[in-house]
Amino acid sequence: MSTFEGVFVNDPWLQSQFTQVELRKLRTKFISARNQAGTVKIVDLPPVLAKLKPFNEVSSQDEVSRMLGDSYSDLAKDLDFEGFLRVYLNLQARASAKLGTSKTFRTTSSFVKSGATTLRHSISETEKASYVNHINNFLGEDKFLKDFLPIDAATNALFDLAKDGVLLCKLINIAVPGTIDERAINTKKVLNPWERNENHTLCLNSAKAIGCTVVNIGTQDLAEGRPHLLLGLISQIVKIQLLADVDFKKTPELAEMVEDSKEAEELMSLAPEKVLLKWMNYQLKKTGYKKEVTNFSSDLKDGEAYAHLLNVLAPEHGSTKTLETKDPTERAKLIIEQAEKLDCKRYVTSKDIVEGSTNLNLAFVAQIFHQRNGLKVDKAKTTNVLAEMMTDDETTSREERCFRMWINSLGVETHVNNVWEDIRDGWVLLEVLDKLAPGSVTWRLANKPPIKMPFRKVENCNQVVSIGKELNFSLVNVAGNDIVAGNKKLIIAFLWQLMRFSMLQLLKNLRTHGHGKEITDADILQWANKKVKDTGKSGHMDSFKDKRLSDGIFFLELLSAVEKRVVNWGLVTKGETEEDKKLNATYIISVARKLGCSIFLLPEDILEVNPKMILILTASIMYWSLLQKAKVNEDDRPPDEPTVATEEVEGNPAMDEAATDDGGTGTTDKEETVTEEGNS
């Protein structure tokens with residue numbers, strides 16, 4: 001038997017924001033903040049917080065007090081340890097912003113990611129009304145929600161309805177169909193707190209899996225219906241839906257805007273909203289419009305760009321009156337009327353255009369693009385320009401998506417839009433490495449984008465490879481130039497090892513270091529088999545390549561083993577046909593996310609038994625299970641005392657001893673990574 005002392009909190013998201021070292025340090029600070037009554041109030045925090053980074057770099061004790069006063073109306077509120085951690089994250093974001101390093105505020109996306117933090121307390125009523133109309137339009141016929149819709153935008157009904165989590169889960173499925181298996185959503189009329197928490201956990205993990213930034217949002221925030229946080233999350237989900245068509249694969253007509261494969265490559269590396277701006281300017285040039293539109297705010301306020309755009313896209317509905325009108329508000333009204341003739345849903349009011357609402361203008365332009373993009377399909381040109389760009393097989397495309405979503409979920413400063421293009425300068429990989437292995441990056445030797453000189457990119461990537469070797473990644477004959485050159489096989493191999501390293505580090509933090517053993521793939525395999533066997537089930541996997549896993553039964557048995565009530569066996573198929581296997585696969589992913597697993601695979605990864613994704617899925621379930629075991633009964637400690645847990649792992653060879661074989665994976669350590677398939 002071995003022992004590991006850790007600090008744990010009930011919210012999995014909150015737990016994931018800190019290392020154990022940080023949690024132990026913050027627990028000590030929390031205890032030191034107790035007043036004479038033995039409690040901790042917000043007003044007691046300035047002397048404690050002012051001594052911590054990054055506050056001590058930018059703020060005095062008085063400034064910390066002022067920030068707390070700006071953020072919280074009740075400074076006499078009692079805090080438990082989780083509440084203290086949330087206050088710390090809130091102020092950390094503000095202090096980081098003051099330093100100019102905030103990951104929340106520095107982003108390539110023009111949509112409200114700052115709305116996904118606890119800093120924005122005021123909300124835009126016009127934005128709320130726009131999103132309410134969106135929800136009413138797209139979910140009005142939903143079998144469950146139709147009893148609650150339409151929502152009245154003039155009230156707080158939106159936030160009240162979101163408290164059960166069903167609305168947000170359904171909205172995610174509208175944005176990216178099939179993301180959530182709706183059988184996993186708890187949809188009773190009255191949900192208990194456990195069921196609500198499951199829905200919110202499912203929502204947040206699914207939101208991350210489609211590309212939303214959910215930094216500083218926890219399940220409790222959603223359960224309380226906090227308006228600024230909910231609107232921030234809803235705006236991101238709506239954005240993803242509206243920009244879905246701004247993509248070469250879905251809209252090959254975009255090839256009209258480029259001359260050769262190099263331009264196509266550059267266009268594919270842009271964020272969808274940047275592509276939308278490029279499209280808008282491309283159309284405006286046809287009208288002789290001289291100004292360049294560089295944003296969805298100030299450049300659109302006078303309405304002239306809109307008027308020219310609609311005239312070139314829909315001349316049959318055009319009118320000289322729109323441009324002749326001198327009053328911007330009146331012109332904006334005419335623009336909206338003209339757009340509605342194209343069946344564009346209303347996302348903006350004339351006031352939103354005149355005031356330059358970034359979010360709503362982006363939504364409006366996206367709607368115009370969706371209804372009529374004015375581009376033509378030139379088959380010859382499309383074939384010539386995009387032939388090389390579309391050579392990825394389906395598995396490679398899925399893995400690119402998985403790694404992209406995973407990197408963006410880590411909260412690094414740089415947002416990745418296209419893995420193949422965005423990591424070639426090495427900068428974002430250095431950010432990820434610094435996040436996963438703090439202190440591993442020598443930043444004084446790194447070159448920050450934009451980087452014009454190719455050898456500077458190679459310097460970054462050489463450091464990336466060097467760090468990878470220090471972390472024992474298998475990088476035989478791999479050099480920084482391979483990343484700069486965009487070698488997809490090697491990039492996938494490197495990213496896979498990064499993801500695997502991240503998962504194993506999480507598990508390592510939850511287990512003993514007494515024997516000096518690291519978690520291995522074989523440990524994870526043996527743990528899963530033992531967990532299922534202990535429940536009396538006959539399920540077993542020989543390796544992460546075991547083709548029998550394609551029916552999904554083993555993973556459903558594993559999920560049921562770690563939490564009995566989470567799987568509804570009445571919804572599980574026998575997995576005998578491809579259709580039944582896919583039903584099980586989609587259910588597995590949603591149930592795992594519902595528990596609290598942050599995973600980015602797709603049903604096809606289970607159906608095809610992609611060993612990389614199967615390993616991460618199993619490890620994620622293992623991490624969640626061990627995290628629960630590590631928590632002690634809260635009744636054994638004072639109500640404001642953080643959880644200090646002792647994890648006892650007894651009689652489990654996967655955890656007490658390192659396995660002596662390869663667990664059926666069929667590889668040795670030296671074979672782990674740079675193979676034809678990039679599998680370990």
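Modeller: Let's start inside: the largest cavity comes to about 50 Å³ in volume. Keep in mind that this is a predicted model.

Colleague: Okay, how many cavities of 30 Å³ or more does the count give?

Modeller: The count gives two cavities at that cut-off.

Colleague: And which residues line the largest cavity?

Modeller: The lining of the largest cavity is made of Cys402, Met499, Ile599, Phe600, Leu601, Met613, Ile616 and Leu617. Sort that lining by class and you get eight nonpolar residues, with no polar and no charged ones.

Colleague: Which helix gives the most to that lining?

Modeller: Helix 31, residues 611-629, gives the most, with three residues.

Colleague: Let's stay with helix 31. How do I read a helix pair?

Modeller: The general idea is that you describe two packed helices by the angle between their axes and the distance between those axes. Now the case here: helix 26 (residues 488-508) and helix 31 cross at roughly 15 degrees, and their axes come within 9 Å.

Colleague: Are helix 26 and helix 31 parallel or antiparallel?

Modeller: Angles under 35 degrees count as roughly parallel, so helix 26 and helix 31 are roughly parallel to each other. Helix 26 passes helix 31 in a left-handed crossing. On the helix 26 side, the contact uses Ile492, Trp496, Met499, Arg500, Met503, Leu506 and Leu507. Helix 31 brings Lys612, Leu615, Ile616, Ala619, Ser620, Met622, Tyr623 and Leu626. By class, this contact has twelve nonpolar, one polar and two charged residues.

Colleague: Let's move on to helix 12. At what angle does helix 9 pack with helix 12?

Modeller: Helix 9 (residues 166-175) packs with helix 12 at about 20 degrees, and the axes are 8 Å apart. This pair is therefore roughly parallel too, and its crossing is left-handed. Leu168, Leu171, Ile172, Ile174 and Ala175 of helix 9 touch Leu230, Leu233, Ile234, Ile237 and Gln241 of helix 12.

Colleague: How far apart are the axes of helix 7 and helix 12?

Modeller: The axes of helix 7 (residues 125-139) and helix 12 (residues 227-242) are 11 Å apart, with an angle of about 55 degrees. That pair is therefore oblique, and helix 7 passes helix 12 in a left-handed crossing. From helix 7, Lys128, Tyr131, His134 and Phe138 meet Leu231, Ile234, Ser235, Val238 and Gln241 of helix 12. Here the classes are five nonpolar, three polar and one charged. So where do the two contacts of helix 12 share residues? Ile234 and Gln241 of helix 12 meet helix 7, and Ile234 and Gln241 are also in the contact with helix 9.

Colleague: Now the backbone. Which peptide bond is cis, with omega near 0 degrees?

Modeller: For that one, look at the bond from leucine 149 to proline 150. Proline 150 lies in the loop between helix 7 and helix 8 (157-162). A cis bond also joins proline 449 and proline 450, with omega about 0 degrees. You'll find proline 450 in the loop between helix 23 (427-436) and helix 24 (454-470).

Colleague: And what is phi of aspartate 343?

Modeller: Phi there is near 65 degrees, a positive value in a residue other than glycine. Aspartate 343 belongs to the loop between helix 17 (328-340) and helix 18 (350-355).

Technical notes:
Residues numbered from 1 in each chain as written. Predicted model: local features only at pLDDT ≥ 70, side-chain atom pairs only at ≥ 80, totals over all residues. Heavy atoms only, no water. Axes fitted to C-alpha atoms, helices over the stretch in contact; angles between N-to-C directions. Helix = DSSP H or I, 4+ residues; strand = E, 2+ residues; numbered from the N terminus. Parallel < 35°, antiparallel > 145°, perpendicular 65-115°, else oblique. Left-handed = near helix turned anticlockwise from the far one by under 90°. Contact = heavy atoms within 4.5 Å. Nonpolar A, V, L, I, M, F, W, Y, C, P; charged D, E, K, R; others polar. 1 Å grid on protein atoms, 1.4 Å probe; cavity = no way out; pocket = protein on both sides within 12 Å on 5 of 7 lines; lining within 4 Å. Points joined across faces, edges and corners; volume = space filled by probe spheres on them.
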